[in-house]
Structure formats: C-alpha cells, structure tokens
Amino acid sequence: MKEAPNTEEAPLLKEKYPAKAHARKVAEWIKQNGGGGKGVIYLEGQKDKLIEDNDQQVPFRQRRYFFYLTGCELPDCYYAYNIEQDKSTLFIPPIDADEVIWSGLPLTTEEAMEKFDIDTCLPGTSLNQYLTNKAHSTLPIYCLSGDSQVSSHVTFLEFSTTNFSLLRSALDFARTTKDEYEIAMLRHANIVTNQAHAAVQRAARAAKNERELDAVFRSHCMVCGCGEMAYHPIMASGTSASTLHYVHNNADLDESGNGYKGGMPLNMLVDAGCEYRCYCADVTRTFPINGTFTKESREIYDLVLDMQKTCMGMLKAGAVWDDIHAHSHKIAIDGLLKLGILKGDKDEIFKSRTSTAFYPHGLGHYLGMDTHDVGGFANYKDTDIMFRYLRVRGKVPAGAVITVEPGVYFCRFMIEPYLKNDTHSKFIDADVLERYWQVGGVRIEDDVVVTENGCDNLTTAVKEPEEVEKAVKA
C-alpha cells in the first residue's frame, strides 16, 4: 500500500508568524549599534512583474527581509515600524475592480489584520500620507540601499535623516538565530523533503531518466503543500555526481547515460529541498540506483558518513566552524590514505591542501528563508583554498540552523590538474584512483539546529548504508 503523505502542521504553526518579535529584535540591534531608540524601519515587498512580451506574471518570490518582519507573502506591499511606539503598519494593494474580474477579490485590510502579526493595515494608497506625516520630522528612517528597495514614488523628505547603513546588518544578525516558530517551519520543510527523498529512492530502479526522479520529488512536495522548491533540485547520476551543482537532470539511466558502467548501475546523488512558507530545507542523499553499492562506492560512502557524524558530534554553541571544517578534511585524508588513493604523510597532505581536489566545497552553510542564508560572513577571496568556499566563518551561536554536508568527489576537471602539479601529485596514487572515477561523488547533507550542548537534527531521511539499500529495493 502506498504511504499517505504527511501534511499535518505542528500546532504552533497554526498561530500567527511572530513578525512583531522579529521587528523588536531588529530594532534592538539598531539601538545597540548607534541608531538610537527612535526612528522608522521601512521595507518594500516584491512587486508583481509581467514576463517580457507576455501578459503572464513572473513567478512570485517574496523578499525575505520583508517576510521576516511581516509574515506576508502578498506582492506589492509596504511596511513601516515605528521603533519608539513599537507599532507596525502593513500597506497592502487596494481593491482594483478591473483586477478582480480576472483574479478574484484580494485580501482585505480586515482579513490582513486577522492573518498577520501587525498593529495596523492600510491600503497602499495611504503610504505617502503616512511617510509625509509631520510627526516624522525629528526621526531617522532605516531602509535598504539600492534602487529596487525604494520605489520612485516614495519620499522620505519629512524624516530628519535617511539611514541606508544599519538595517541590512540588523536584519542579518536577527535572521541568523531562529526562534521556536522558525524552527518549526524548517522542521516541517524537512518532513516533506524527507518523504520526497524516500519517494525518489523507491522510484529509482524503474526510472529511465533523471528528469523522472526530479518529477517524483517535485510532485510529492506539491501534494504535501510545498510546491515551491528551495532551489533547483540536483538529480545527478553516475559521474555527474562529481558536479557540485549539477543542473541538467536529463541524463538517461541506461547504457547511454551517466548512470552505468558496463551495464552496472552506479550512484544517484539527490540534493533537493522544498520550501514551506518561505523557509527552506536542504537535504542530500546518495544511493545506488540498483539498490546495491559497488565496493568502491560503499568505501567512499562510509568515509563521507564518518565525516558527517564526527563533525555533527563536534557541533555546539560557540564551536568554531572553521575548525570543524578543517577536521572534516583530516578525516577525509585518513580515509583516502586507508584506501590508497592518497599516499604519504597525513600532516603534509593537510598542509599542502591536496584534499581539496576531492573535497572542494565548505562543510555547510546557514539555512533559513534562503538556502544559503545570511550571517555566515564567507570570505570568497581567502587565499587558503581550504576555506575559500566555506560559507560560515567563526563561532556558531545557539539557535542557528546549519547544514552539515561533507563530500568526496572524483571529478577529472578538478583532480587532473593536481596530478600534473609536483606539490600535489606525489600524494596521489593515480593507479588506485583509476578504480574510483565511476563513483562520481558522494555527499550526505542534514539540516541541524545548534544548541548549547550539541545539535538537533531536523533531517530524518535514511542514510545508514544498509537502510539506504533497503529503501531503494523497497
């Protein structure tokens, strides 16, 4: 019997999104960083846009900063929060008779007051009247910089100053740690995502093409009420699994595609997550297409799983993410030395950064309303290649949600230059390596909440190798 999708929300999620608490958190950061206790925070939501040469709308995606302070997914909205008065005002589109004919009645201001955690709701036509109020003449207004963030018809002339420097940093700080409601949102996105991964694994042996599995994943999420993807799903078979952000999802899963070697099906790497009310899941699982790992694939899978489990065991509030990432490389080096792919002294291999040929990306990133969420302070100009693509730097706080996603890959484009480089080639056994090219790549990714003494794993999709094989054969 087919398992029924689980669409039940946690009881907490039936309450209003805690927008006012978020506004207070942002305002407090502004106060503590030179902004004072007075002023107005101003944000604009995303605008409806038409496709060029077409009367259809571009798919709508609400601006994340706007949603964080409103919980509102409607287009063409505006928001103002008076810091001293602790009063929020949401401006929504007024009723347009012509638009009603085509699209039906919009949300009314009364309905918006019931739905959103705000103090006042007004039609958008009242925005300039609000902004030009003489009472604002002694107040600064805090907004985001950039032409797209402030509409041309909006004026701040009545305010004492316009501050473009503090709000983004305040919002990034506030969004880095999640409250109970946000974690419940992320947990729900994971529940649906975990089920969708299981559905893909059950469908893998009968699938003829990567796009079939893409469709299975999207369909399950849609049925469960999460039709938006957090990012373009990655369905990478065989050697395509060595491409970190593989996007094609169209290779055949037979002798003409990437999923086979001499008629023997190899691995499928699925990196996919749905979005639930603007909050994202980001989960990766690697499994054998026919339900049984090859010897080489199982060896690499066990290594990556060990990397992930060990790093998750090191994670807690105040832990330095750079150190955990570096340790994941040390585990990878030990494992590749044991398999004979690497050779020589492990400390010298670590110092030479030769392991980045097989593990080029960072251990993980913050997760929230964006898949690669704010607050990580990445340094993509870092001269140390081991840390250049690490999206989180420094200590991780309690309440942050972060992905733990080590991987080991056999990408000729990445590794062959290392084989031609005297610094690195002495540490790589090319003859042993030859047996592993067809593994493609293995990545295992979970979403975890950082706690004072450890972490809480939101991801439940199976990952023990025996359970993975069983799931595919089910």
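The structure is a predicted model, in which local features need pLDDT of at least 70, side-chain atom pairs count only at pLDDT 80 or more, and totals for chains, interfaces and linings use all residues. Residues are numbered from 1 along each chain as its sequence is written, and side-chain values use heavy atoms, with hydrogens and water left out.

**Nonpolar cores**

- A nonpolar core is a set of buried Ala, Val, Leu, Ile, Met, Phe, Trp, Tyr and Cys residues joined through side-chain atoms within 4.5 Å; buried means under 20% relative accessible area, exposed over 50%, and partly exposed in between (1.4 Å probe, protein chains only).
- The largest nonpolar core holds 124 residues, and those touching the most other members are Val26, Ile41, Ile300, Trp321, Ile341, Phe358 and Phe410.
- Helix H7 (residues 180-203) supplies the largest share of this core, nine residues; helices (H or I, at least four residues) and strands (E, at least two) are DSSP runs numbered from the N terminus.
- Beyond its neighbours within four places in sequence, Phe410 has contacts (heavy atoms within 4.5 Å) that include Ile300, Ile341, Phe358 and Trp437.
- A second, separate core has 15 residues, among them Tyr130, Leu139, Ile141 and Cys143.
- In soluble globular proteins, nonpolar side chains tend to be buried together.

**Strand S13**

- Six of the six residues of strand S13 (residues 283-288) are buried.
- Val283, Arg285 and Phe287 point one way from S13, whereas Thr284, Thr286 and Pro288 point the other way.
- In a regular strand the side chains alternate between the two faces of the sheet.
- Strand S10 (residues 267-272) pairs with S13 in the antiparallel sense over six bridges; pairing requires that DSSP finds at least two bridges between two strands.
- Leu269 stands opposite Thr286 in S13.

- A pocket is an open set of points on a 1 Å grid over the protein atoms alone, where a 1.4 Å probe fits, with protein on both sides within 12 Å along at least five of seven lines; lining residues have an atom within 4 Å of a point.
- The second largest pocket has a volume of about 480 Å³, and helix H3 (residues 97-103) gives the most to its lining, with four residues.

**Glu180**

- Glu180 lies in helix H7 and counts as exposed because its relative accessibility is 62%.

Terms used: Grid points are joined across faces, edges and corners, and a volume is the space filled by probe spheres set on the points.
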